[in-house]
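Here's a quick briefing to read alongside the model. Have the structure open and click along as you go.

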Amino acid sequence: MVSFVNSSNASTGDDLKERVRDAVDIVELAGSYLSLRRQGKGFVGLCPWHDDSRPSLQINPERQTYRCWVCNDGGDVFKFLMRMERLEFREALEHLAERAGIPMTRGRSGASGARKADFHKALNWAADRYRDYLQSSPDARAAREYLTTRGLTEDTIQRFGLGFAPDSWDWLLKEASAAGIGTDILAATGMAVERQDASGHYDRFRARIIFPIRDPMSRCVAFGGRVLPEAKSDAKSDPAKYINSPETPVFSKSSMLYGLESAREAMGKTRRAVVVEGYTDCLAARQAGIDDVVAVLGTALGEKHAKLLRRYVDRIVIVLDGDDAGRKRTDEILDVLLAEPIDLRIARLPSGIDPCDFILDHGRDAFETMLESAADPLDYRLDEVNARLPEGASDDAVLAAVESVLSALANASPRSPLSPSQRRLREDQVIGRLVRRFGLSRDILRSRVTELRGRQSVHRKTTATTTPPSIPAKLPAWDREVIEVLVCVPEGAGIIIRDVQASELQTGAGRDVLEAARRLHDAERPVDLSGLLMEIPDHQLQSMLVAVDEEAAQRGPVDSTERMAHFLDALRRRSAEREAHASERKIKTSELDDSSEEELLEQLVAQRRVAQGMTNPKEG
Ligand SMILES: [Zn+2]
């Protein structure tokens, strides 16, 4: 692609994306994963995302896109790598930049790549030291015995690299100094803590069993430390049972999970993630052969965790204690995760028993049975609502009772990365259940959610949430026409942006593509297939764009002049039609007197009543 002169307001981030995209060849990228063979102008291979026996994956070198006709999935180099390696966009960008030898100058977290590499090196080194200490030091005997009483085998301890930090204020500091690792990096990674009087540093982890926490690339990013039960007796104050490394540029407890790096493969197979609250619980489950288990890092499961897990699974089972704390947590989780498009289940253990005990006492099969019977937290909440309702409660009373559920739905964070269509789907599911359960009208529930959302988002920029695209199997003709011109005839973008209003398009998908085209145009960036693919993060929309492009190309080479003449003709016809409609409407409305208006309203109310009675929820 021709390099493009930036307007001053175009961000360098977009520049970088474009440079990386242009430097990577999709044939070469896909070819490094799949065996491709040439077919016509492009290449074909076996699709890695469905059970493919004849090559259904097509690579288009000219457009730099891929598409599988069976999965109906398509996109550019970024999406290919994101799907292949289950990465976020940012990670895919980093990988491809590295592959193309383009330096990533801006680190969003504030730490440059070089500094992060130093962090990982120091943390990996420390993990080895702690592990060696647990394995071989006589001082670590109590720790080894404790792990044995928790039922953990030598093999598990080795596999997860457990370690021990001796009861010393400067053991790690001295080891580091001998190894040529500076105190500054120990402090920056949270392994050392500065003394209050700034006279020096001391070791954060002392007399604790060490659980190294790793990122998805298996690099050590932090530690969890657990006290030994005996340690309490001689300490002046009761030490916290668990402490973790603080948040650093390489560690964020709200977006990481213990054990994820080694659970991903199993999760990909079971499509399920089991989330427990303790590191030993996680290890006990793994040891029992339940491999899709991870642990939260001293925090409740939140939106970011759910987003991360959604890359691998369709269902999350959270294992909680059966006490009041567990019940409270159920409510918190529901408030945060209700609007996530994932099947969320809560498994409650008998009071006072943790998963580790449960597995040791009852074995793997009993634990699996408990996971299988895990309840949907929404059902749980709805049971509570139902129990409080008097017999024959009015619609208003029921609506008030389910208000907390609706408000959780409306509250679905605007930062949530869900595509509008995913959010809409989840909303439909929840509303469908309220309809079935309480006999409320779908319309009333939906308008209440919209109302609540409007109240919360007064200060927010309006997003596409109110008009989410659910991409129809067949796009309406005008939506398709507009999208096709945007994708295939870059010269036509100016006219579309000037003359086509979003309100003329029938689908959210069409409006989203038009909006994206407008943003590109305003930033003086080229409006074309690759620009749109980069501007629109939604994977379904990306697939749709590639499909439209491929189908247009199948009809033969695109002649821009001819194509635009056809488009302008259609545009003229449409605007003439619209004017005719408008005047027709005007005539009709002006004839309506007061009494007939009342009649019409009554009719509408009656229709709505009928609709309420007949509402037939499809969803389960
Ligand atoms: Zn496929």
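This is a predicted model, so keep that in mind throughout. Its largest nonpolar core has 64 residues, and the ones with the most contacts inside it are Tyr130, Leu162, Leu186, Phe223, Tyr258 and Val319. Another core, of 35 residues, lies apart from it, with Val527, Leu533, Leu545 and Met564 among its members. As a rule, nonpolar side chains tend to be buried together in soluble globular proteins.

**The zinc site**

- Four residues hold the zinc ion: Cys47, Cys68 and Cys71 each through SG, and His50 through ND1, at 2.1 to 2.3 Å.
- The angles between the four donor atoms run from 100 to 116°, which makes the arrangement tetrahedral.
- Are Cys47 and Cys68 buried or exposed? Both are buried.

**The strands around Cys68**

- Strand 3 and strand 4 run antiparallel and are joined by four bridges, with Asn60 as the bridge partner of Thr65 in strand 4.
- These two strands make a hairpin with four residues between them, and Gln64 in the turn has a positive phi of about 55°.
- Strand 4 also runs antiparallel to strand 5 (residues 73-75), joined by three bridges. Here the zinc ligand Cys68 stands opposite Asp73 in strand 5.
- Strand 4 and strand 5 form a hairpin too, again with four residues between them; in this turn Asn72 has a positive phi of about 55°.
- Side chains in a regular strand alternate between the two faces of the sheet. In strand 4 both faces are covered: Thr65 and Arg67 are buried on one side, and Tyr66 and Cys68 are buried on the other.

- Which strands make up the open sheet, and in what order? There are four, in the order 13-12-14-15, and the pairing is parallel.
- Strand 13 (293-295) and strand 15 (343-348) are the edge strands, each pairing on one side only.
- On average, neighbouring strands of this sheet are turned by 25° against each other, direction ignored.
- Strand 12 (residues 272-276) pairs with strand 13 in the parallel sense over three bridges, and Val275 stands opposite Val294 in strand 13.
- Helix 11 (residues 260-270) packs on the sheet and touches both strand 12 and strand 13; its direction makes about 140° with that of strand 13.

**Two loop residues to look at**

- Arg86 isn't a glycine, yet it has a positive phi of about 55°. You'll find Arg86 in the loop between helix 3 (77-85) and helix 4 (89-100), where it is partly exposed, at a relative accessible area of 29%.
- Glu524 isn't a glycine either, and it has a positive phi of about 55°. Look for Glu524 in the loop between helix 23 (508-522) and helix 24 (529-535); with 47% relative accessibility, Glu524 counts as partly exposed.

Definitions and conventions. Residues numbered from 1 in each chain as written. Predicted model: local features only at pLDDT ≥ 70, side-chain atom pairs only at ≥ 80, totals over all residues. Heavy atoms only, no water. Donors = N, O, S within 2.8 Å, 3.2 Å for Na, K, Ca; no water. Tetrahedral: all angles 85-135°; square planar, octahedral: opposite > 155°, others 65-115°. Buried < 20%, exposed > 50% of the residue type's maximum accessible area, 1.4 Å probe, protein only. Core = buried A, V, L, I, M, F, W, Y, C linked by side-chain atoms within 4.5 Å. Pairing = 2+ DSSP bridges. Axes fitted to C-alpha atoms, helices over the stretch in contact; angles between N-to-C directions. Contact = heavy atoms within 4.5 Å.
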